[in-house]
Amino acid sequence: MTVVDEALLRDAARLTAVERARRVAPNLPIPLDAIARTAARLLGAPMGVVSFVGADEEHLAGMHGVPWSPAAGRPAPMAYSVGKYVVSADRPVSCDDMTVEQDRPVREHPLVSEFGVRAFIGVPLRDGAGRPVGSLSVLDDRTRRWTDDQRSTLVEIAGLLGPVPVDAPAAPGPVADLDTGGLLDGLQEAFVAVDADGTVVGWNAAARDLLGFDAEQVCGHPLRDTVLPDYGGRPVGEALARLFAAPGARRVLRQVVLRHRDGHEVPASVALSMVRGTHGALACAFITDLSAQVVAENDAQRQHGFLAALLDSLGVGVVACDADGRVRLINRAMRRVEGLPETGELSPAHVAAGAAMLHHSDGTPMKRGQTPLMQAWRGDTVRDADLMVKAPGLRKRLFTANARPIVTGDGRRLGAVVALHEVTAMRRAERFRDCHAQVLRAMAEASSPAEAAPGVLRALATVLEWPHAELWLIDEVTDTLHKAGHWTTAGYRIDDLVGGPIVKGAGITGTVWATGQRLWVPDITRTPHLATEESLARAEACARRGLRAVLAVPVRDGTDMFGVLVGYADTAEAHEDLLTVLLDGVAAQIGQFVALCRAQELARQLTRAKDDFLTLVGHEMRTPLTSIAAYTTVLADEAGALDDEQRAMVATIDRNVNLVCDIIDTLLDLAGLDAGHVQLSTGELEVAGLLAAAVEAAGPQAAAGNVRIHTSLPRRLPLHGDARRLRQVFDHLLSNAVIYNPGGDVQVHLTEEHGVVDLVISDNGMGVPAGEHDQLFDRFYRASNVRHHGIAGQGLGLSLVRTIVELHGGTVTLSAGKSGGTTVVVRLPQR
């Protein structure tokens with residue numbers, strides 16, 4: 001169990017020992033960073049720490065691979081310590097998986113949530129009195145099952161330090177006289193000790209393997225004559241003199257080039273520490289071979305130009321970190337997204353600022369340990385994770401992230417990389433489909449553009465996340481632009497922006513009105529389209545409220561322009577082309593709706609005009625015609641007192657009055673039937689007899705035109721309908737067949753099949769020109785060949801026929817006959 005013993009941690013004697021140990025630790029003969037690195041490597045883990053644990057903070061004296069190391073000389077907060085558990089227990093402590101530990105403080109440890117640490121093992125470091133002053137700990141970002149052998153190894157490594165001294169260390173004699181010689185031979189790192197004269201006095205087995213000299217070949221010989229001819233281009237003796245003359249002990253890290261026994265150069269990293277004692281001062285150096293690193297660096301430099309050019313040419317943002325979790329690469333595309341300098345090295349402040357811009361898809365900030373890069377650094381593979389980048393002063397942008405760890409062939413983790421593909425446009429297009437649906441719904445529920453405007457603008461501004469949107473429409477009568485509606489998000493006070501006249505050709509809205517072309521303004525305060533003081537004042541008022549970018553598109557239907565749709569954004573807008581296309585689509589929807597509303601209004605006006613005309617015909621004309629007809633009848637009754645010419649005039653008046661009355665009656669019938677004011681009087685009837693009576697009534701007219709009517713009628717055929725109206729249909733059709741077929745034959749067939757009555761009337765007369773058959777059912781339309789022959793008629797009969805037939809649920813069609821003439825087919829349901 002991992003517990004914290006506050007009493008032990010705050011024990012005064014222990015804290016005094018911690019402070020002394022912390023001060024003398026840099027003078028120890030073995031660098032503590034090397035101890036941490038050796039422990040981590042031997043246990044196969046990425047991180048190692050040597051620390052001294054105080055009461056409220058932890059001093060990291062040796063580190064390897066830790067991403068949370070504090071600034072130089074500053075302690076780490078106790079919250080980040082696992083050494084406190086080791087010191088509290090005063091024995092080895094391990095945890096295989098911190099995320100499932102029973103103790104809540106361990107499960108919610110900052111190293112888990114922020115840096116992905118999952119497991120640790122630590123052994124205490126004690127002073128000469130046996131007090132626990134610190135710990136040697138190994139940490140892993142994977143779950144581990146720590147073994148007894150690993151625990152024993154860690155104890156042995158801690159034993160290299162022995163009891164941590166709390167006073168200045170005793171002066172050692174020559175290394176050859178120390179008991180630690182065999183222990184140094186067990187180290188993986190090369191070790192060399194040099195006295196103040198520059199003579200090699202210590203040489204371990206790793207140094208022999210690295211440089212090819214046996215201890216006998218170098219010990220007792222000057223350093224300059226063996227493995228180090230110069231030091232940074234200067235004689236090595238000068239560097240040693242400065243080192244031994246420096247007050248106090250200090251640790252020096254340098255990269256040097258050593259000489260191998262066979263003469264070739266060996267690049268190496270040297271950690272140099274001073275040890276002072278009664279036998280004099282010694283410079284102790286731990287050497288790390290950098291040959292492989294130099295080769296890798298040279299190879300990396302050769303490839304760096306190609307790789308950098310490749311990454312910077314990508315449109316996808318790429319970020320990579322090293323094995324310690326430090327960001328090492330941000331390509332140009334990602335720098336642009338985060339508003340960072342596109343070239344040059346990035347400071348830690350730049351990297352931190354870029355990380356602070358990352359948010360979850362719902363807009364909540366993303367902690368460092370939650371980023372896809374850090375998830376990959378901990379060993380996870382991330383696929384298609386959604387995230388948001390919110391940069392100050394810029395519109396938020398949406399990305400999908402794919403991240404994975406960078407691992408060598410032998411399984412060693414080098415870092416992690418993440419690629420971010422922007423999907424802002426795609427997500428916005430998806431939301432715009434919903435916007436179009438909302439716009440259609442708002443227009444479907446409204447009876448006018450002004451009534452639809454609030455819902456349309458709200459849907460548009462919400463999807464685009466624009467604070468303000470306006471719809472302006474052209475008045476057809478005054479040719480002025482008036483506001484049909486606007487919508488403003490909560491928190492914006494723009495009362496002084498929503499009114500005022502729009503001057504054609506001036507300002508953004510006026511310019512679109514005048515040109516009929518869309519207009520994109522990235523900064524309203526810097527646009528040339530401000531020709532009037534009112535336009536300039538409006539732009540300044542927008543800027544004061546944070547409204548900067550403007551997109552205005554014409555509202556049109558085809559070539560007819562009806563107004564202007566305007567949207568205002570509070571940040572710079574990307575994807576201008578996409579926004580323009582999307583806004584054009586909404587503007588087209590609005591244009592069609594405006595055109596439809598105006599067409600419906602025109603239709604209503606025409607209907608009112610037609611009704612007014614029929615009222616005039618029915619009431620204002622019928623009364624005088626009735627009087628004329630009455631007086632004509634009186635004159636006809638007095639025909640004996642009239643001469644032949646006068647009687648002919650009276651007959652003409654009577655005939656024309658009856659013709660006009662018939663036209664008026666037909667018009668009123670059509671209007672009443674169309675409007676529903678005149679209802680059918682339906683009932684059961686015998687349609688064969690009704691048609692036979694119509695044929696008989698047409699007989700005198702047929703005889704006068706030498707027309708022969710041939711019938712094929714069943715004896716009885718029941719039908720549900722209005723007998724008077726159907727008789728009108730039969731009379732009109734038979735009359736047309738006789739009038740336009742002088743000297744010809746008319747065939748009349750009446751049949752029934754499957755509950756449908758079919759009436760076919762065919763003639764072999766003059767027929768109808770091609771392309772005019774359907775037009776004959778329009779009011780007042782007459783075929784062109786009939787007009788040219790001078791045959792009288794008003795073009796109302798077939799319109800009345802179609803209206804009556806359709807009110808019965810039937811159809812009527814007109815076509816050319818097989819042998820010339822015309823064929824009319826009427827189909828009526830029996831029920």
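Which residue forms a salt bridge with Asp-584, and how far apart are the closest N and O atoms? The partner is Arg-518, and the closest N and O atoms are 2.4 Å apart. This pair links distant parts of the chain, 66 residues apart. Asp-584 sits in helix H20 (residues 576-637). Arg-518 lies in the loop between helix H18 (507-515) and strand E22 (519-521). Arg-518 is partly exposed, at 46% relative accessible area. The model is predicted.

**Salt bridges**

A search of the whole structure gives 23 salt bridges. Among them are these pairs.

| Pair | N to O distance |
|---|---|
| Asp-584 and Arg-518 | 2.4 Å |
| Arg-336 and Glu-342 | 3.1 Å |
| Asp-209 and Arg-208 | 3.4 Å |

Asp-209 has 57% relative accessibility, so it counts as exposed. Arg-336 is partly exposed at 49% relative accessible area. Glu-342 is also partly exposed, at 36%.

**The open sheet**

Six strands form an open sheet, in the order E15-E14-E19-E18-E17-E16. The pairing is antiparallel. Strand E15 (327-330) and strand E16 (358-360) are the edges, each pairing on one side only. Neighbouring strands of the sheet are turned by 35° against each other on average, direction ignored.

Within the sheet, strand E17 (residues 382-389) pairs with strand E18 (residues 397-407) over six bridges, in the antiparallel sense. Ala-385 has Ala-401 in E18 as its bridge partner. Helix H16 (residues 424-444) lies across E17, E18 and strand E19 (413-422). Helix H16 runs at about 140° to E18.

Conventions. Residues are numbered from 1 along each chain as its sequence is written. This is a predicted model: local features need pLDDT of at least 70, side-chain atom pairs count only at pLDDT 80 or more; totals for chains, interfaces and linings use all residues. Side-chain values use heavy atoms; hydrogens and water are left out. Two strands pair if DSSP finds at least two bridges between them. Helices (H or I, at least four residues) and strands (E, at least two) are DSSP runs, numbered from the N terminus. Axes are lines fitted to C-alpha atoms, for helices over the stretch in contact, and angles run from 0 to 180 degrees between N-to-C directions. Contact means heavy atoms within 4.5 Å. A salt bridge is a side-chain nitrogen of Lys or Arg within 4 Å of a carboxyl oxygen of Asp or Glu. Buried means under 20% relative accessible area, exposed over 50%, partly exposed in between (1.4 Å probe, protein chains only).
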